Amino acid sequence: MAIPSEIAAGAAEMTQWRRHLHAHPELGYKEFATADFVAHHLREWGIPFERLTETGIVATLRAGDGNRAIGLRADMDALPMSEETGADWASTTPGVMHACGHDGHTATLLGALKYLAQTGRFSGTVHAIFQPAEEGLAGARRLIEAGLFEKFPCDMVFGQHNDPLLPEGVMSVVKGPVMAASDRFSITVTGKGGHAARPHHSIDPLLAGAQVALSLQTILARRIDPLESGVVSVTQFHAGTTGNVIPEVAELAGTARSLKPHVQDDLERLITEVAQTAAATVGAQAVISYRRGYPPVINADAPTDLGAAAALAVVGENHLMRQRPPAMGGEDFAFMAQACPGCFARIGTARAGEDTAPLHNPRYDFNDAVLPIGAAWFAQVVETSLPQA
């Protein structure tokens with residue numbers, strides 16, 4: 001493993017930053033103290049930056065006379081859940097914790113920037129994007145709408161995410177779809193309420209809702225090309241208030257995931273069609289609300305080649321995965337990769353011989369040992385993409 005000496009020497013400092021951020025988590029669009037923490041260090045290192053939206057920050061480094069520019073992105077927000085790690089640096093904010101490692105992502109990008117500002121071994125422009133509100137609130141889209149790539153043009157954009165499913169220090173840098181589109185749907189099934197002892201005088205929305213839930217599972221089995229990937233999960237079903245009343249309404253909700261835009265379109269159409277038809281078989285009506293979330297993360301060829309070359313330099317061939325099945329989780333880096341050719345990499349955090357908690361778990365904590373690896377990868381991406389003459 002080849003970690004630049006300057007980054008290796010800063011490992012303890014990055015760990016301090018990460019644990020400070022972990023102890024002071026903030027939810028999406030409320031990352032005021034986090035943004036101030038980032039801004040403080042940028043000022044300390046003499047790196048110019050601009051606040052884009054209330055809590056978004058874009059820092060800019062230039063070196064040499066190169067005319068190309070790349071973006072490096074880290075997310076900053078936490079999740080609305082209570083922490084159970086018992087760590088000395090556990091969350092001090094009740095009901096909020098960094099359960100997805102965005103504290104580590106922010107510290108990693110800060111470490112890379114400090115190194116790049118010190119060494120300047122590149123020729124061109126680096127825009128470091130500290131992004132708010134990744135967790136379901138589309139902070140990347142908000143930055144783009146605020147003029148991110150007009151104000152800070154990039155030829156390519158790179159991001160990374162910690163991955164407790166991979167061994168510590170293993171990286172996956174894969175072309176094509178790597179994470180899924182993440183959509184939500186809700187379905188209101190309306191029947192006719194009545195006495196539970198006289199169901200023939202009613203139209204039972206629970207029965208209709210059950211038909212809907214089961215019928216939705218036929219979409220992927222019979223309506224989508226089996227060579228394509230997708231998920232349709234009904235995760236909520238609410239109806240009724242007591243044991244002797246057939247209610248008037250049942251509410252269902254869930255999520256749909258897909259890896260290609262045309263499959264995302266098909267799922268939206270088919271969920272509506274199948275739910276309405278299934279409800280109608282017992283005389284009920286279904287009204288569907290389908291909300292597009294994040295598009296799929298699709299790694300473009302050129303930046304992924306550069307990202308893989310950077311990973312090869314940092315972790316070596318034996319710790320680099322160039323092929324890996326996509327994950328069905330969502331990630332709003334997708335919006336950046338739609339607007340600009342992008343590469344989204346994963347860095348393994350699972351310690352050998354330990355039971356590593358998964359992401360979004362109350363016992364999850366970022367593995368600080370990979371901070372230098374992530375910072376070195378960002379730095380190597382810059383030096384590979386923007387080489388000196």
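At what angle do the axes of H4 and H12 cross, and within what distance do they come? I get a crossing at roughly 50°, with the axes coming within 8 Å. That makes H4 oblique to H12.

Ground rules before I go on. This is a predicted model, where local features need pLDDT of at least 70 and side-chain atom pairs count only at pLDDT 80 or more, while totals for chains, interfaces and linings use all residues. Residues are numbered from 1 along each chain as its sequence is written, and side-chain values use heavy atoms, with hydrogens and water left out.

My terms for the packing: helices (H or I, at least four residues) and strands (E, at least two) are DSSP runs numbered from the N terminus. Axes are lines fitted to C-alpha atoms, for helices over the stretch in contact, with angles from 0 to 180 degrees between N-to-C directions. Oblique is what remains after under 35 degrees (roughly parallel), over 145 (roughly antiparallel) and 65 to 115 (roughly perpendicular).

Next I checked who touches whom (contact means heavy atoms within 4.5 Å). From H4 I noted residues including Gly104, Ala107, Gly111 and Tyr115, and from H12 residues including Gly374, Ala375, Phe378 and Val382. The contact divides into ten nonpolar, five polar and one charged. Here Ala, Val, Leu, Ile, Met, Phe, Trp, Tyr, Cys and Pro count as nonpolar, Asp, Glu, Lys and Arg as charged, and the others, Gly among them, as polar.

On to salt bridges (a side-chain nitrogen of Lys or Arg within 4 Å of a carboxyl oxygen of Asp or Glu). I count 22 in the structure.

Which aspartates does arginine 18 pair with? One is aspartate 103, with the closest N and O atoms 2.9 Å apart. That pair links helix H2 (residues 11–23) to helix H4 (residues 102–119), 85 residues apart. The other is aspartate 368, at 2.7 Å. Aspartate 368 sits in the loop between strand S16 (342–350) and helix H12 (371–385), so this pair ties together parts 350 residues apart in sequence.

I looked up burial too (buried is under 20% relative accessible area, exposed over 50%, partly exposed in between, 1.4 Å probe, protein chains only). Arginine 18 is buried at 0%, aspartate 103 is buried, and aspartate 368 counts as buried at 11%. Arg18, Arg19, Asp103, Asp365 and Asp368 are linked in a network of salt bridges.

Last entry: arginine 269 and glutamate 273 meet at 3.8 Å, N to O. Both lie in helix H9 (residues 261–280), four residues apart, about one turn. Arginine 269 is partly exposed at 44%, and glutamate 273 is partly exposed at 31%.
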